[in-house]
Amino acid sequence: MSDFDIEYLQFLFHEDFYKLAGYILIKNGKFDLNCPEYEKTHATAALIKQMPKHDPDAMITSLSLTASSWINSIQKTVSLSDIGQVSEDAKINLYMQLNELKNEIDKTLIILEEKDNG
C-alpha cells in the first residue's frame with residue numbers, strides 16, 4: 001500500500017486501523033502479527049451544530065433561480081413541440097397548470113409592489 005492509502009485507512013478506522021487494514025509489521029525480516037502501539041487520540045467533546053444565521057433573502061433568491069429555470073423550460077417546450085399533434089388532455093392540463101402558476105405570480109407581484117410602495 002502507498003503511504004496515502006495507509007493514512008486514508010487510518011483516518012477511516014481510527015483505533016481499529018491496524019486490525020482492519022491487515023497491517024503487519026516486519027521486524028528483522030520476520031512478520032510480527034502484534035499490532036504496534038500507537039498513541040490514541042483523546043476524544044473531544046462533540047460540538048453542537050451551529051445553525052446558520054437567518055437569511056431573509058434565501059427563499060426569494062431560490063425562487064428567482066427556479067423561475068428562470070421554468071422560463072427556459074417553457075420556451076424550450078413551446079419551440080420544440082408540435083402543438084397540433086399534442087392531445088387535448090395534455091393541452092388542457094398544461095393550460096390549467098400555467099393559469100395556476102400565472103395566478104400565483106400575479107399575487108406575488110402585487111405583494112412585492114405593496115411592500116415597495118408602503
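What follows covers the fold, the pockets and one surface patch.

This is a predicted model, where local features need pLDDT of at least 70, side-chain atom pairs count only at pLDDT 80 or more, and totals for chains, interfaces and linings use all residues. Residues are numbered from 1 along each chain as its sequence is written, and side-chain values use heavy atoms, without hydrogens and water.

The protein has 4 helices and 2 strands, in the order α-α-β-β-α-α. Helices (H or I, at least four residues) and strands (E, at least two) are DSSP runs, numbered from the N terminus.

Two pockets are listed below. A pocket is an open set of points on a 1 Å grid over the protein atoms alone where a 1.4 Å probe fits, with protein on both sides within 12 Å along at least five of seven lines; lining residues have an atom within 4 Å of a point.

| Pocket | Volume | Top contributor to lining |
|---|---|---|
| Largest | about 320 Å³ | α3, 7 residues |

Volume is the space filled by probe spheres set on the points, which are joined across faces, edges and corners. The lining of the second largest pocket includes Ile74, Val78, Leu94 and Leu98.

Leu63, Trp70, Ile74, Val78, Leu94 and Leu98 make a nonpolar patch of about 530 Å². Patch residues have over 30% relative accessible area and no salt bridge, with nonpolar side chains (Val, Leu, Ile, Met, Phe, Trp, Tyr) joined within 5 Å. A salt bridge is a side-chain nitrogen of Lys or Arg within 4 Å of a carboxyl oxygen of Asp or Glu. Areas come from the Shrake-Rupley method with a 1.4 Å probe. α3 gives the most to the patch, with 4 residues.

Key. Patch = residues over 30% accessible without salt bridge, like charges linked within 9 Å, V, L, I, M, F, W, Y side chains within 5 Å.
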